[in-house]
Amino acid sequence: MTFGFAPPPATDHVSGLGRMLEPAEWAAAGIPLLRNPRDVVTGLHSRHLPTPSTAVVAVLDPEERLAASASFTRRRSWAADGWEFRNALLAQLRRVIPHDLRRRTPVRTAVLLYCRDGESQWTEEDGAWMWGLRDACTLHGLRCGAYITLTRAGWQVLGEGRGGRRPHSASRHSGLGFGTATGDSVTAAVSRPRGEAREALRRSAAV
């Protein structure tokens, strides 16, 4: 088994556009619904304090408790290509949690929270993140979970019609945050919170 990254099938713009999912395709993919998306979003926001262009990938156990998460900033050189996003997400998943490829069926679910500028409606960039999340989950033995955007208007679980005003892309919170990525850097991975932080996150982020 190899853990390297295969090259993209093509580098032209037309092929890149093929590595994205339209809203109808995402809705038809049978993505499991979050039981309490507000708690998940609030907890991940408190933990990573994302700013625009920051992606937060999190792995939830069957009880929707946080098993691991990591955040990173989209590099300026990356096109809106699902292959690029898949590689970035897979690299973070491999850093923070072992794969589940030996299981017959996935038991843990990966969700993605992406903070960006612009309107809350679906964009081609969102479609590329969706493609990347689905593919990264397959390669890491996880179920593909919700894709959530964080904009000035608030948060929204794309494909579900659920969302809220807070937190939003300009929100600030200092209670449980460990900082965010800046530039092209990546935040430290976080997992298994301890003590009071564990209890607070259990209440705010299904941890």
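# A first look at this chain

Take the contacts in the protein chain between residues at least 6 apart in sequence: 71% of them join residues at least 24 apart. Keep in mind that you're looking at a predicted model. The chain has 207 residues, and 48% of them count as buried. For its fold, think of 6 helices and 6 strands, with an open sheet built from the strands.

**The overall layout**

- The protein chain has an accessible surface of about 10,400 Å², and carbon and sulfur atoms account for 50% of that.

**The sheet**

- Across the open sheet, the 6 strands come in the order β2-β1-β3-β4-β5-β6, and their pairing is mixed.
- The edges belong to β2 (66–73) and β6 (162–164); each has a single partner strand, so one side of each has no neighbour in the sheet.
- From one strand to the next, the twist averages 15 degrees.
- Strand β3 (residues 109–115) pairs with strand β4 (residues 143–151) in the parallel sense, over 6 bridges.

- Helix α5 (residues 124–140) lies across β1, β2, β3 and β4, and helix α5 runs at about 150 degrees to β4.

**A glutamate to look at: E125**

- You'll find E125 in helix α5.
- E125 counts as buried because its relative accessibility is 17%, and the cut-off for buried is under 20%.
- Leaving aside residues up to four places away in sequence, E125 touches R74, A80, F85, Y114 and R116.

**The cysteines**

- How many disulfides does a search of the whole structure find? The count is 0.
- For C144, the closest cysteine sulfur is in C137, 4.6 Å away, which is too far for a bond, because a disulfide needs the two sulfur atoms within 2.5 Å.
- C144 is buried, with a relative accessible area of 12%.
- C115 is buried too, with a relative accessible area of 0%.

Methods:
Residues numbered from 1 in each chain as written. Predicted model: local features only at pLDDT ≥ 70, side-chain atom pairs only at ≥ 80, totals over all residues. Heavy atoms only, no water. Buried < 20%, exposed > 50% of the residue type's maximum accessible area, 1.4 Å probe, protein only. Pairing = 2+ DSSP bridges. Helix = DSSP H or I, 4+ residues; strand = E, 2+ residues; numbered from the N terminus. Axes fitted to C-alpha atoms, helices over the stretch in contact; angles between N-to-C directions. Contact = heavy atoms within 4.5 Å. Areas by Shrake-Rupley, 256 points an atom, 1.4 Å probe, with all protein chains shown as cover.
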